[in-house]
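Colleague: I have not worked with this structure before. Could you take me through it by question and answer?

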Amino acid sequence: MNRQSNTYTIIYATVLVLLVGVGLSVVYQALRPKQEENIANDIKRQILASALIVPSEGENIGDLYNEHIKKAVIVNSKGEEVDGNALEVNVSEEVKKPAAERLLPVFECETSAGMKYIVPVYGAGLWGPIWGYVAFDANGNTIYGAYFAHQGETPGLGAEIEKPKFQEQFQNKDIFAADGKFQSVKVVKKGQEPGNGEAYVHAISGGTITSQGVSKMLENSLEPYTEYFKTLNEGKEATK
């Protein structure tokens with residue numbers, strides 16, 4: 001065949017594309033299990049981080065997760081357990097649904113400070129999605145710890161939501177008012193603190209929109225858990 005002909009060029013390019021495509025497909029399939037494992041481990045790491053559990057250097061995150069997470073369930077807006085795998089729930093899709101239709105994951109975590117109940121949160125920042133996990137005390141009201149992450153917030157500004165300085169503000173905040181009404185935790189600028197007893201933390205300086213996103217994310221993500229949190233508190237009262 002004439003190597004200078006158009007036919008040769010087309011055949012050569014076609015064969016090359018096919019070979020490269022097959023090669024990439026084989027590599028992808030070979031690496032896929034490891035990629036999925038890494039994604040699962042990162043989710044487990046985030047869950048544990050909200051309960052203030054951080055793996056030491058070289059510690060296996062899967063083993064640490066299995067050691068501390070005693071139960072992972074899905075509940076509905078009535079506080080009832082439903083079938084399913086809590087780790088497989090797509091929270092980014094669930095938060096778009098009406099509260100009554102959502103699948104709500106809960107992770108029961110044993111810590112040195114007692115049993116904590118961890119739930120995921122998901123919302124929108126300035127440039128993209130923000131998400132995280134919030135750990136509650138056994139009363140289903142007081143926040144024990146929080147972990148937040150983002151996809152593309154501005155470094156030094158909105159991206160500060162992933163820093164301990166911001167996250168630690170949420171510790172010991174109550175999401176229910178004294179009368180039992182859900183109030184969430186507001187993220188407000190200094191000098192604009194609510195004077196009605198609502199729980200709040202201070203917003204990130206220069207990260208107003210991201211801070212507002214965190215505030216909305218918490219309210220939207222946590223309110224559907226209201227009945228479940230109440231059952232935790234009722235269960236605690238019953239054991240006294």
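Colleague: How do the residues of the lining of the largest cavity divide into nonpolar, polar and charged?

Modeller: This is a predicted model. The lining is made up of Val-91, Glu-94, Val-95, Arg-102, Leu-103, Leu-104, Pro-105, Pro-120, Ser-221 and Tyr-225. Sorted by type, the lining of the largest cavity has seven nonpolar, one polar and two charged residues.

Colleague: Which elements give two or more residues to that lining?

Modeller: Val-91 and Glu-94 are among the lining residues, as are Leu-104 and Pro-105. The elements with two or more residues in the lining are α3 (91-94) and β3 (104-111).

Colleague: What volume does the largest cavity have?

Modeller: The structure holds one cavity of 30 Å³ or more. For the largest cavity, the volume is about 60 Å³.

Colleague: Which strands are at the edges of the open sheet?

Modeller: The open sheet has six strands with antiparallel pairing, in the order β2-β1-β3-β4-β5-β6. An edge strand pairs on one side only. That applies to β2 (81-82) and β6 (143-150).

Colleague: Through how many residues does a hairpin join β3 to β4?

Modeller: β3 and β4 (residues 114-124) run antiparallel and are joined by five bridges. Across this pair, Cys-109 is opposite Lys-116, and Thr-111 is opposite Gly-114. The hairpin from β3 to β4 passes through two residues.

Colleague: And how many residues lie between β4 and β5 in their hairpin?

Modeller: β5 (residues 129-136) runs antiparallel to β4, with eight bridges joining the two strands. In this pair Ile-118 stands opposite Ala-135. The number of residues between β4 and β5 in the hairpin is four.

Colleague: Which residue forms a salt bridge with Asp-42?

Modeller: Seven salt bridges are found in the whole structure. In the one formed by Asp-42, the closest N and O atoms are 2.8 Å apart. Both partners lie in helix α1, three residues apart, about one turn of the helix. The partner of Asp-42 is Arg-45.

Colleague: What accessible area do Tyr-12, Leu-16, Val-20 and Leu-24 have together?

Modeller: Tyr-12 belongs to helix α1, which covers residues 6-50. With Leu-16, Val-20 and Leu-24, Tyr-12 forms a nonpolar patch on the surface. Together the four have an accessible area of about 410 Å².

Conventions:
Residues numbered from 1 in each chain as written. Predicted model: local features only at pLDDT ≥ 70, side-chain atom pairs only at ≥ 80, totals over all residues. Heavy atoms only, no water. Patch = residues over 30% accessible without salt bridge, like charges linked within 9 Å, V, L, I, M, F, W, Y side chains within 5 Å. Areas by Shrake-Rupley, 256 points an atom, 1.4 Å probe, with all protein chains shown as cover. Salt bridge = Lys/Arg side-chain N within 4 Å of Asp/Glu carboxyl O. 1 Å grid on protein atoms, 1.4 Å probe; cavity = no way out; pocket = protein on both sides within 12 Å on 5 of 7 lines; lining within 4 Å. Points joined across faces, edges and corners; volume = space filled by probe spheres on them. Nonpolar A, V, L, I, M, F, W, Y, C, P; charged D, E, K, R; others polar. Pairing = 2+ DSSP bridges.
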